[in-house]
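Here's a quick walk through the strands and a few single residues of this model. Have the viewer open while you read.

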Amino acid sequence: VSPDGRTLALSAREGSDEVAIYVRALDADLGFRKLAGTETGLFPAFSPDGEWIAFRRNSDRTLVKIPVGGGGAVTVVPTGKVDPYLPQWGRPDEIVFTGPTGVFRVPAAGGPVVPVPKVTSAELFPLPDGAGLLFAANNQVSYYDFATDSVSVVHPAGLSPVYAPSGHLLYVSPEGGLFAVAFDAATHRVTGTPVRV
């Protein structure tokens with residue numbers, strides 16, 4: 001779902017066609033339309049302004065971005081560098097993704113691929129301010145701070161963390177159930193009592 005909630009993107013197959021990225025503007029399109037240049041595309045992720053989609057091109061194991069409105073695809077991580085999976089576009093100029101050997105950062109325009117060894121999970125959520133990542137490891141929600149290269153536990157029990165613009169951390173309890181708890185995006189700390197959603 002795009003940051004403004006108006007556009008959907010998914011990886012799908014229509015009939016006998018190969019997998020590609022399809023988009024639908026909820027206030028304009030009656031159905032999904034194939035985004036040309038996204039053949040074999042998986043794991044679509046919107047840029048913060050909703051103008052681009054980053055995805056894994058499975059045919060050559062590259063990380064690519066393409067304008068939502070159509071246009072030429074731009075290779076962000078070329079073949080042979082790192083096998084990219086699950087891109088997440090936190091701040092406008094950087095994409096975070098996982099690979100077989102860990103978590104990585106790369107400039108959204110392409111450039112050096114930098115490992116993030118202290119993040120030990122593929123369940124990532126970049127915070128909107130670009131300061132760091134929420135992730136789940138050992139059934140705990142943790143925060144990785146890019147500036148200090150440090151990890152702190154945010155919540156002692158949780159999986160699949162997501163930060164909501166309402167100021168809440170959403171997570172799945174290891175015992176089951178979706179929960180929300182107030183989260184201060186400036187200090188990166190939980191500030192309330194969890195509530196079952």
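Strand S2 and strand S3 (residues 33–34) are antiparallel partners joined by two bridges, with Tyr 22 opposite Lys 34 in S3. Strands here are DSSP E runs of at least two residues, numbered from the N terminus, and two of them pair if DSSP finds at least two bridges between them. This is a predicted model, so local features need pLDDT of at least 70 and side-chain atom pairs count only at pLDDT 80 or more, while totals for chains, interfaces and linings use all residues. Residues are numbered from 1 along each chain as its sequence is written, and side-chain values use heavy atoms, with hydrogens and water left out.

S2 also pairs with strand S1 (residues 7–12), again antiparallel, over six bridges. Ala 12 has Ala 20 in S2 as its bridge partner. How much of strand S2 (residues 20–25) is buried? Five of its six residues are, so to say, tucked away as buried, where buried means under 20% relative accessible area, exposed over 50%, and partly exposed in between (1.4 Å probe, protein chains only).

Next comes an open sheet of four strands, ordered S4-S5-S6-S7 with antiparallel pairing. Strand S4 (41–46) and strand S7 (74–77) sit at the edges with a single partner strand each, so one side of each has no neighbour in the sheet. From one strand to the next, the twist averages 30°; axes are lines fitted to C-alpha atoms, and angles run from 0 to 180 degrees between N-to-C directions. Inside that order, strand S5 (residues 52–57) and strand S6 (residues 62–67) run antiparallel with six bridges between them, and Trp 52 faces Pro 67 in S6.

Further along, strand S14 (residues 140–145) pairs with strand S15 (residues 150–155), antiparallel, through five bridges. The two make a hairpin with four residues between them, and Asp 149 in the turn has a positive phi of about 50°. Val 141 has His 155 in S15 as its bridge partner.

What does the side chain of His 155 reach? One answer is the backbone oxygen of Ala 157, at 3.0 Å. The side chains of His 155 and Tyr 171 are also joined by a polar contact of 3.3 Å. A polar contact is a pair of N or O atoms within 3.5 Å; within protein, one must be able to donate a hydrogen and the other to accept it, and residues adjacent in sequence count only if both atoms are side-chain atoms.

| Residue | Class | Relative accessibility |
|---|---|---|
| Val 197 | exposed | 65% |
| Pro 174 | partly exposed | 33% |
| Ala 186 | exposed | 66% |

Val 197 is in the segment after strand S20 (195–196). Pro 174 belongs to the loop between strand S17 (168–172) and strand S18 (178–184), and its C-alpha is 27 Å from that of Phe 146, 28 residues away along the chain. Ala 186 is in the loop between S18 and strand S19 (189–190). C-alpha to C-alpha, Ala 186 and Ile 66 are 31 Å apart, with a sequence separation of 120 residues.
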